Amino acid sequence: ISSSNIVLLLCCCNTLSGAVTPVFVLTGKDLLLDVLSPVVLEEEDEFRWDFRPNKKPNKKVMRVSYDHETKIFGRYKGRAVISLQNYSLHLRNMQQADSGLYSAFFGEDEDELVGEYSVTVQDPVSPVELTVEFASNSSDSCILTVTCCTRVSDHINSILRCVNSTCSLNGGEMSKVTSFGASLKVYLVDGTITCSHSNEVSSSIKVMEEVQQFCQTDAVGNVGKTEKHKVHLTLCRRTYNVLKTINCQIKIDDMTAPKSEAKSPRSPPGGWLQYRS
């Protein structure tokens with residue numbers, strides 16, 4: 001079994017405390033659940049793993065008799081493997097429908113609980129986009145707008161205040177829980193702004209260094225050094241229209257191409273698109 005595809009639960013306890021152990025697993029990965037106390041089957045005893053989907057009746061996953069006769073039930077056929085040495089349960093290719101409570105029992109008339117797990121199967125988070133844009137300035141500082149968004153509609157807007165070469169978060173949203181229960185955050189460390197989208201099993205991060213560069217403006221307030229520091233129009237801008245109006249040209253496959261290559265928008269060559277907001 002490849003360790004890279006399994007969420008492995010190890011326990012050094014000899015007795016079961018009665019607490020349910022929470023487990024998170026990435027969709028499509030395998031899961032290994034251990035029993036939390038020794039199991040010794042006597043004649044007429046039976047060991048079994050049960051599954052209770054969220055707010056639904058119990059379902060049997062598998063059972064093992066005293067003579068090691070094993071039976072796998074329902075949709076777990078071909079996906080579930082039991083170890084006859086320690087009765088751990090290996091489940092392959094976990095899906096959203098596999099989220100729920102898994103319980104291990106053994107005995108004849110009165111079942112003894114020897115392991116219980118609350119399993120949550122999560123999809124990987126979607127990629128994030130990060131936009132930083134000049135908003136305004138004064139004699140001693142400038143204000144930047146930061147937008148961090150996912151590709152499925154969630155976003156947060158933050159404000160940066162920069163004095164000389166030092167910037168700090170100065171308002172707006174810093175974090176939120178998305179519609180899919182993931183975490184979306186913006187944070188600033190040593191002049192580098194980071195947009196993070198994560199859940200219990202995956203993460204997506206975008207980073208932009210030296211954000212103070214966006215404070216360089218000309219006499220009419222346009223972002224300075226446009227050839228080197230063009231504002232990156234991302235999905236965030238196109239979806240939410242939260243940034244100030246600017247005029248820019250974007251070369252889809254080369255943001256640094258000279259403007260002289262751009263032609264009339266009636267016949268755009270080489271992948272150039274003309275944007276005027």
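**Strands and side chains**

Reader: In which strand does Val207 lie?
Author: A strand is a DSSP run of type E with at least two residues, and strands are numbered from the N terminus. By this numbering, the strand in which Val207 lies is E18.

Reader: What is the relative accessible area of Val207?
Author: This is a predicted model, in which local features need pLDDT of at least 70 and side-chain atom pairs pLDDT 80 or more, while totals for chains, interfaces and linings use all residues. Residues are numbered from 1 along each chain as its sequence is written, and side-chain values use heavy atoms, without hydrogens and water. Buried means under 20% relative accessible area, exposed over 50%, and partly exposed in between (1.4 Å probe, protein chains only). Val207 is partly exposed because its relative accessible area is 49%.

Reader: Is Glu129 buried or exposed?
Author: Glu129 has its place in strand E11. Its relative accessibility is 11%, and therefore Glu129 counts as buried.

Reader: With which side chains does the side chain of Glu129 make polar contacts?
Author: A polar contact is a pair of N or O atoms within 3.5 Å; within protein, one must be able to donate a hydrogen and the other to accept it, and sequence neighbours count only if both atoms are side-chain atoms. At 3.1 Å, the side chain of Glu129 contacts that of Arg151. A contact of 3.3 Å joins the side chain of Glu129 to that of Lys206.

Reader: Which residue in E13 stands opposite Cys148?
Author: Strand E12 (residues 142–150) and strand E13 (residues 155–163) run antiparallel and are joined by eight bridges. In E13, the residue opposite Cys148 is Ile156.

Reader: Which residue in E5 is the bridge partner of Trp49?
Author: Strand E4 (residues 46–53) is joined to strand E5 (residues 59–65) by six bridges, and the two run antiparallel. They form a hairpin with five residues between them, and Lys55 in the turn has a positive phi of about 60 degrees. Across this pairing, the partner of Trp49 is Met62.

Notes
Two strands pair if DSSP finds at least two bridges between them. Helices (H or I, at least four residues) and strands (E, at least two) are DSSP runs, numbered from the N terminus.
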